[in-house]
Amino acid sequence: MDTLECDICYLPFESQVFSCKNGHAACANCCISMHRKCPSCNEPIGDFRCRATEKILAGMTRPCRFKKHGCTETVRYTEARAHEEEACSFAPCRCPFDGCDYRGRLLYGHILDAHAPGVDAATLLRGGWLSFSVTLQKSTPFRALLHPGEKSVFLLLNGGDILTHTRPRRTRSTTTR
Ligand SMILES: [Zn+2]
Ligand SMILES: [Zn+2]
Ligand SMILES: [Zn+2]
Ligand SMILES: [Zn+2]
């Protein structure tokens, strides 16, 4: 299976696969982040497309990797990452608190246990939705609001460029081809 993931970042390839003239494969993001230089042989990378690998990828499907969390979908290999990062409702949630690497479906309980006591970014709403006011400090990027009835977590963002939602997300540069 390792020919189907990028040699550099080890993420599964999406629809485009590039290589240097020596056949070292790389995804579009890595071509950009490596400044189009192959890290294995220093040859230029990004000019050749691995059509054969791309063809194989286009015909492949696999189960969503959150199968064990309850997702029953089988997705095209090339679209799996988009499904898992943006669409899958079974994706484990990433804890938004700095320095915490919890990922899971039980984010509500986790925040309550690990961050609520003594962490002023967490605001506990008791007794369902009441009208209430929340003050955002400039120094705090967000406040977590816990809704006990539905066991949901809401993030109140301060600014907007730090966190967009609580699903796992990798920063990636956009391709400009
Ligand atoms: Zn890569
Ligand atoms: Zn190379
Ligand atoms: Zn899924
Ligand atoms: Zn946490």
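Me: Which residue in β2 stands opposite serine 19?
Reply: Alanine 25 does. This is a predicted model, where local features need pLDDT of at least 70, side-chain atom pairs count only at pLDDT 80 or more, and totals for chains, interfaces and linings use all residues. Residues are numbered from 1 along each chain as its sequence is written, while chains are lettered from A and ligands numbered from 1 in the order in which they are written.

Me: Why are β1 and β2 called paired?
Reply: Two strands pair if DSSP finds at least two bridges between them. β1 and β2 (residues 25-27) have three bridges, in the antiparallel sense, so they pair.

Me: What makes β1 and β3 a pair?
Reply: Three bridges again, antiparallel, with β3 spanning residues 45-49. Serine 19 has phenylalanine 48 as its bridge partner in β3.

Me: Which residue takes a positive phi in the hairpin of β1 and β2?
Reply: Glycine 23, near 85°. Four residues lie between the strands.

Me: How do you know that both faces of β1 (residues 17-20) are covered?
Reply: Val17 and Ser19 on one side are buried, and so are Phe18 and Cys20 on the other. A residue is buried if 20 or more other C-beta atoms, placed from the backbone, lie within 10 Å of its own. In a regular strand the side chains alternate between the two faces of the sheet.

Me: How many of the 177 residues are buried, as a percentage?
Reply: Buried residues make up 17% of the protein chain.

Me: How many helices and strands are there?
Reply: Four helices and ten strands. Helices are DSSP runs (H or I, at least four residues), as are strands (E, at least two).

Methods. Buried ≥ 20, exposed ≤ 12 C-beta atoms within 10 Å, placed from the backbone.
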